Amino acid sequence: MLLKDKVCVITGGANGIGKGIALCMAKEGANVAILDLNDTEGEKTLNEIKSHNVKGLYINSDVTNPESLAEAQKKISSELGNTDVLVVNAGISFKHSFKEVSDEEWKKVIDINLSGSFYTIKAFIDSMLDKKENDRKSIIFISSGSAFTGGGGGVHYTASKSGQHGLMRALAKEYGKAGINVNAIAPRVIASHILDQLYPDEKSKQELIEQIPIRRIGYPEDIGNLACFLASEKSTYIHGQIILMDGGRTYQ
Ligand SMILES: NC(=O)c1ccc[n+]([C@@H]2O[C@H](COP(=O)([O-])OP(=O)(O)OC[C@H]3O[C@@H](n4cnc5c(N)ncnc54)[C@H](O)[C@@H]3O)[C@@H](O)[C@H]2O)c1
């Protein structure tokens, strides 16, 4: 097992990619806490986590609210212990053209996707630094291939995801020597609510698949498997990197 007894925390872990990561980490022996706003899906995912005979927590916590994150961190610390792996995954997207994006929508996307990443790491960093000298910990951003292509969910989305890459690189520089690996996974076209929102009908999904060299969309487990590897002792020399997971679509 790659992550036996590690404490893994995943924001937006109730659904989609976050859920896929949570379940892969539980399968690898980790105790997993998921933070989300969707209580119904959060409780369901928690049951699936626990079915792997590990400890789990679902906490209703908003990544735009530093106080709610601080409370979540306290609960995780007292029930599971210090955080070993932090996955910054919660995000939203709106497929609007530049002129359609209102000031409010711009602020909302930047607040959840980018500022939410900052608030989350701020709430958990001390718990990650409280460790034995040679232990390695891991922060993994779930960003997006749209930061390379400009496509995806709109200008605010692309800007927020590019901002996550800057934050990731700056943190990698600052915290590598403290024993924390920091990396980003940049997915494209993974089965989830966000994908259904961007490509609502079968015809548009089929057209999309034809643009992907391996001729399938990605699944949350694809991202989960890479996240487990990045969180494990097997990948400690990978640091400050953005790993594109796109079935070969971007650079064909
Ligand atoms: N699905 C894709 O193709 C794709 C591609 C590139 C990047 N991503 C990124 O992957 C991440 C996960 O997205 P997904 O596709 O699984 O979407 P999703 O909508 O299925 O899951 C997102 C989760 O985040 C939660 N969330 C939203 N706002 C929150 C908040 N303020 N606080 C806490 N939780 C909140 C939602 O309740 C939901 O459970 C996002 O950051 C997204 O930008 C997805």
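**Entry 1: the largest pocket**

I looked up which elements line the largest pocket: H1, strand E2 (31–36), helix H4 (103–129), helix H5 (146–149), H6 and H7 each supply at least two residues. Helices (H or I, at least four residues) and strands (E, at least two) are DSSP runs, numbered from the N terminus. H7 gives the most, with 5 residues.

I noted that this is a predicted model, where local features need pLDDT of at least 70 and side-chain atom pairs count only at pLDDT 80 or more, while totals for chains, interfaces and linings use all residues. Residues are numbered from 1 along each chain as its sequence is written, and side-chain values use heavy atoms, with hydrogens and water left out.

For the search itself, a 1 Å grid is laid over the protein atoms alone: a cavity is a set of points where a 1.4 Å probe fits but cannot get out, a pocket is an open set with protein on both sides within 12 Å along at least five of seven lines, and lining residues have an atom within 4 Å of a point.

I found 43 lining residues for the largest pocket, of which Gly 91, Ile 92, Tyr 157, Ser 192 and Ile 194 lie nearest its centre. About 960 Å³ of space lies in this pocket; a volume is the space filled by probe spheres set on the grid points, which are joined across faces, edges and corners.

**Entry 2: the ligand**

Where does the ligand sit? I found it in the largest pocket (more than half of its atoms lie within 2 Å of the grid points). Helix H1 (16–27), helix H6 (155–175) and helix H7 (193–198) are the elements that give two or more residues to the shell around the ligand.

I counted 24 residues around the ligand, and the closest are Asp 36, Asn 89, Tyr 157, Ile 190 and Ser 192 (near means a heavy atom within 4 Å).

Next I checked distances to the ligand. An oxygen atom of the ligand is 2.6 Å from an N or O atom in the side chain of Tyr 157. For Asp 62, a side-chain N or O atom is 2.9 Å from a nitrogen atom of the ligand.

**Entry 3: the largest cavity**

How much space lies in the largest cavity? The answer is about 60 Å³. Among the residues lining this cavity are Lys 6, Asp 84, Arg 136 and Thr 236. Strand E5 (137–142) and helix H9 (220–231) each supply at least two residues of the lining.

Definitions and conventions: A polar contact is a pair of N or O atoms within 3.5 Å; within protein, one must be able to donate a hydrogen and the other to accept it, and residues adjacent in sequence count only if both atoms are side-chain atoms.
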